[in-house]
Amino acid sequence: MDSTDGSAAERAEFDRLAGPLCAELHVHCYRFLGSVHDADDALQEALLRAWRSRANLTDPGKFRPWLYKIATNRCLTMLEQRGRRELPMDAEPDMPAAERVWLEPYPGLGVGEPGPEARYTARESIELAFVAMIQQLPGVQRGVLLLRDVLGFTARETAELLDVSVASANSALQRARARIEQHARSQAPDDPQTRRLAEQYATAWERADVDGIVALLAADARYAMPPLPDWYAGRPAIEEFLVTGPLRWRWRFRPTVANGQPAFGTYWWDPERSVFAAMALDVITVRDGAITDVVSFLDPALFVRFELPEFVAD
């Protein structure tokens, strides 16, 4: 056991304090980085660094902000090393395909109760559109907005966590808010109207009812399929894509929740195996009683994290 291992009692006390914070810290890292896998790495590294530097914490009552400071600094470092994550509709058209790094969906609703100064609820702050907008902010602006408006830290606490002056933190917050205010909240997945619309959407897909699908879309709806860079805007374009593309096959949908939004594991009919096989995770955004965005993540590996089966019987 080296000097960083500490005693069993020290480890037990650290785990007692850190354990209840791990879930909310993971969501914080995800918002910051736009990737569940990067959030895994950031949280693991932050906990390791916190354990090794535990002697620097002189006030156990400040354990939570101290741990958030370590995690936020780790996220800022990772931002310098990795490309900005985005959705196809936000990508720069001339960017080389090899440099594109896509946003990842987050299982469930997100966790953590915001503080009194927070402007966003836990669910609103995990929505795909919100996280995508966060990715467009520079590192310090990103940190200030998340710490102040999402987590509810005070201006002084935020400045201390980021090692900047209060004036600098407030200035960064104003610039970040100016860019993020365009975010429009979506309807919650447990809203009765949203549940009904999501059920109708899945049923229309399983029936290959293109008119039924299109009728549920907003006039300016968007449809994207990362990692493919192509995306479609408006009912006519989406309808043409569906008819000439995916609706040539049979589908089954299984409901779940991603980023606090209705989502589905989608399965296409594999004639060779005579089974519906995992294809994509579809996350839908509902506003004003219509679907405004569909992001179909073409990565069957996501099904494990969302606790969805790999195959569905006919």
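A residue counts as exposed when its relative accessible area is over 50% and as buried when that area is under 20%, with partly exposed in between. These legends describe close-up views of a predicted model.

**Figure 1**
D288 has a phi of about 55°, a positive value, although the residue is not a glycine. This residue is found in the loop between β7 and β8, the latter covering residues 290-297. The relative accessibility of D288 is 79%, so D288 counts as exposed. A208 is likewise not a glycine and has a positive phi of about 55°. Its place is the loop between α9 and α10 (210-215). With a relative accessibility of 41%, A208 counts as partly exposed.

**Figure 1. The chain as a whole, as a setting for the close-up views.**
The chain contains 12 helices and nine strands. Its radius of gyration is 21 Å, close to the 20 Å that the globule rule gives for 314 residues, so the chain is as compact as a globular protein of that length. The C-alpha trace spans about 65 × 45 × 40 Å along the principal axes of the chain. Of the 314 residues, 52% count as buried.

A pair of aromatic rings is described by two quantities, the distance of the centres and the angle of the planes. The structure holds 16 aromatic pairs. In one of them, the ring centres of Y201 and F253 are 6.2 Å apart and the planes stand at 70°; an angle over 60 degrees counts as edge-to-face, so this pair is edge-to-face. Y201 belongs to helix α9 (residues 192-206) and F253 to strand β5 (residues 251-258), so the pair ties together parts that are 52 residues apart in sequence. Y201 and F253 are both buried. W205 and W251 form another edge-to-face pair, with 5.7 Å from centre to centre and 85° between the planes. Here W205 lies in helix α9 and W251 in strand β5, so this pair ties together parts that are 46 residues apart in sequence. Both W205 and W251 are buried. Ring pairs join Y201, W205, W251, F253 and F264 into a cluster.

**Figure 2. Two arginines lie over tryptophan rings.**
R11 places its charged end over the ring of W51, at 4.4 Å from the centre of that ring. R250 lies over the face of W269, and the distance to the ring centre is 4.8 Å.

Rolling a probe the size of a water molecule over the atoms shows where empty space is left. The structure holds two cavities of 30 Å³ or more. The largest cavity has a volume of about 80 Å³. It is lined by 15 residues, and those closest to its centre are R31, V111, G112, V150 and L151. Helices α2 (22-33) and α4 (63-81) each supply at least two residues of this lining. The greatest contribution comes from α2, with three residues. By class, the lining of the largest cavity comprises eight nonpolar, three polar and four charged residues.

**Figure 3. The second largest cavity and its lining.**
The volume of the second largest cavity is about 50 Å³. L33, D38, M78, L79, R82, G83, R85 and Q135 line this cavity. By class, the lining of the second largest cavity divides into three nonpolar, two polar and three charged residues.

**Figure 4. Buried residues with C-alpha atoms of separate chain parts.**
A280 has its place in strand β7 (residues 275-287). The relative accessible area of A280 is 1%, so A280 is buried. A distance of 9.9 Å separates the C-alpha atoms of A280 and F253, which are 27 residues apart along the chain. L308 is found in the loop between α12 (302-305) and β9 (311-312). Its relative accessibility is 13%, so L308 counts as buried. The C-alpha atoms of L308 and A278 are 8.8 Å from each other, and these residues are 30 apart along the chain.

**Figure 5. A cis peptide bond between two prolines.**
P226 and P227 are joined by a cis peptide bond, with omega about 15°. P227 has its place in the loop between β3 (217-224) and β4 (231-233).

Note on methods: Residues numbered from 1 in each chain as written. Predicted model: local features only at pLDDT ≥ 70, side-chain atom pairs only at ≥ 80, totals over all residues. Heavy atoms only, no water. Phe/Tyr/Trp six-rings, centres within 6.5 Å; stacked < 30°, edge-to-face > 60°. Helix = DSSP H or I, 4+ residues; strand = E, 2+ residues; numbered from the N terminus. Buried < 20%, exposed > 50% of the residue type's maximum accessible area, 1.4 Å probe, protein only. Lys NZ or Arg CZ within 6 Å of the ring centre and 35° of its normal. 1 Å grid on protein atoms, 1.4 Å probe; cavity = no way out; pocket = protein on both sides within 12 Å on 5 of 7 lines; lining within 4 Å. Points joined across faces, edges and corners; volume = space filled by probe spheres on them. Nonpolar A, V, L, I, M, F, W, Y, C, P; charged D, E, K, R; others polar. Rg over C-alpha atoms; globule rule 2.2 N^0.38 Å.
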